[in-house]
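Student: Could you take a close look at the salt bridges here, and at the place where the chains meet? I would like the cut-offs along with the story.

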Amino acid sequence: MIPLVSESQRLREQYRKEAGLEDVWAALEQIKDPEIPVISIWDLGILQEVEQQGERIKVVITPTYSGCPAMHEITRDIRQVLEQAGYAQVEVVSRLSPAWTTDWMTSEGRKRLIEYGIAAPVGCAADGSETPIACPLCGSEEVTKISEFGSTACKALFQCKECQEPFDYFKCI
Amino acid sequence: MNQNVNKQALFNYVLALGDDAITMGHRLSEWCRNAPFLEEDLAIGNVALDFIGRAQMFYQYAAELDDQGRSEDDLAFLRDCRDFRNLLIYELPKGDFAFTMVRQMIVDLFNMEFLEQLTKSSDERLSAIAGKCIKESRYHLRRSHDWVLRLGDGTEESHERAQRALVDIWGYTPELFMVDESEQQLVQAGIAVDRAALMSVWDNRVGQILTEAKLQKPEDSWKVEGGRRGVHTEHLGHMLSELQFLQRAYPGLQW
């Protein structure tokens, strides 16, 4: 399979490359999603922009699901991590538009999800294309959906017909 | 247009959309640990969270527009029944599982059309909120549509309950498409959605789903309205007494 990066994700990566402040990005990349502690907020597509304005660091994030309780924790973690890195003034801006999409998940993020036992989003939300979902444990594409919602809003529940294991699928939105 | 009138109208509009979302979210949350089986319990809980998150986005915006300086939490927890502006369909008790799913399908279908139009609002904030919510509504509808098919075209009892739910809800649906004076101002300014114009598409799509589910579309023989004027069913007060309990009993309490 050819790894494809969506256009919006390409722009996001380009922004990061040109933004400088590498120590800030590196510090922020330590922050993991509290409910999926193997994936960083960068790899999940939440972290968008970092900007220095004098003494102040402005961090722009895009919330995932409207009611996701993890967003509060993530905002708190951002302040904490940057304060520890020596930035006393931190502004966290939550930006709604363009709305968060799984197209922004990095290939590193997808790999980590699968290792953790969660099937990564497949296809591209922007053009509606779909690729078959594979079992994260045995790789079989013979799977069946059990429920539209799994343990959190971002996941659906599937079962593999090959190895019989139930698994979470990170929905493509 | 008078700028002040416009700001008050926008506040009313955003607040009402927040009220719609919080009442729906709360009703769904009442299924938590009561749903027919575990997966469904998780699903309803997650949909409830989406609506509560939606309410938060609208209330945050309303709080910024409010000339009384109330916070988003004040708007949610410290207003009384008559100050709530939600449409009545959202506050109706959760009923049985058939009632919950039939209502959900009806409002999900409505929200798909409504949010699609709201993304085109000249108000950037509303357009951004709508762009985010519509993705979730698409997902909600997939599930509520599936359930209505399963219940309507299921056993004799599930069919009967789904049909009864439909009859009980039907008279609350016209209110989804009513536009009051304050809202009309905003429609003309390109900010609000012209709800009345969504009626025929919604009606068609509901009709298709009901036919597919072997359910009969009720006659338009009665209707109730009043939510946008603060005139509610007897159920809202009971709901608020639970929803607002903590802030009423322990003012200013935080997690």
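Tutor: Happy to! A salt bridge here is a side-chain nitrogen of Lys or Arg within 4 Å of a carboxyl oxygen of Asp or Glu. The model is predicted, so local features need pLDDT of at least 70 and side-chain atom pairs count only at pLDDT 80 or more, while totals for chains, interfaces and linings use all residues. Residues are numbered from 1 along each chain as its sequence is written, chains are lettered from A and ligands numbered from 1 in the order in which they are written, and side-chain values use heavy atoms, with hydrogens and water left out.

Over all chains, the structure holds 23 salt bridges. One of them pairs A:Glu91 with A:Arg56, with 3.5 Å between the closest N and O atoms. A:Glu91 sits in strand E5 (residues 89–94) of chain A and A:Arg56 in strand E4 (residues 56–61) of chain A, so this pair ties together parts 35 residues apart in sequence. Helices (H or I, at least four residues) and strands (E, at least two) are DSSP runs, numbered from the N terminus. For accessibility, buried means under 20% relative accessible area, exposed over 50%, and partly exposed in between (1.4 Å probe, protein chains only). By that scale A:Glu91 is partly exposed at 27%, and A:Arg56 is partly exposed at 32%.

Now to chain B, where the side chains of B:Asp20 and B:Arg228 meet in a salt bridge at 3.0 Å, N to O. This pair links distant parts of the chain: B:Asp20 belongs to helix H1 (residues 3–29) of chain B, and B:Arg228 to the loop between helix H9 (199–212) and helix H10 (235–243) of chain B, 208 residues apart. B:Asp20 is buried at 7% relative accessibility, and B:Arg228 is buried at 14%.

Another salt bridge joins B:Asp96 to B:Arg161, their closest N and O atoms lying 3.3 Å apart. Because B:Asp96 lies in the loop between helix H4 (88–91) and helix H5 (97–118) of chain B, and B:Arg161 in helix H7 (residues 156–170) of chain B, the pair ties together parts 65 residues apart in sequence. Here B:Asp96 is partly exposed at 23%, and B:Arg161 is partly exposed at 33%. Back in chain A, salt bridges that share partners join A:Glu108, A:Lys111 and A:Arg112 into one network.

Next, the place where the chains meet. Contact (heavy atoms within 4.5 Å) takes in 22 residues from chain B and 25 residues from chain A. Together the two chains bury about 1,900 Å², 63% of it on carbon and sulfur atoms; buried area is the accessible area (1.4 Å probe) that two parts lose on being put together, summed over both. B:Lys132, B:Lys135 and B:Tyr139 supply 35% of the area that chain B buries against chain A, more than any other three residues.

Across this interface the rule finds one salt bridge: A:Glu148 pairs with B:Arg142, the closest N and O atoms being 3.5 Å apart. On the side of chain B that touches chain A, helix H2 (38–65) and helix H6 (124–152) of chain B each supply at least two residues.
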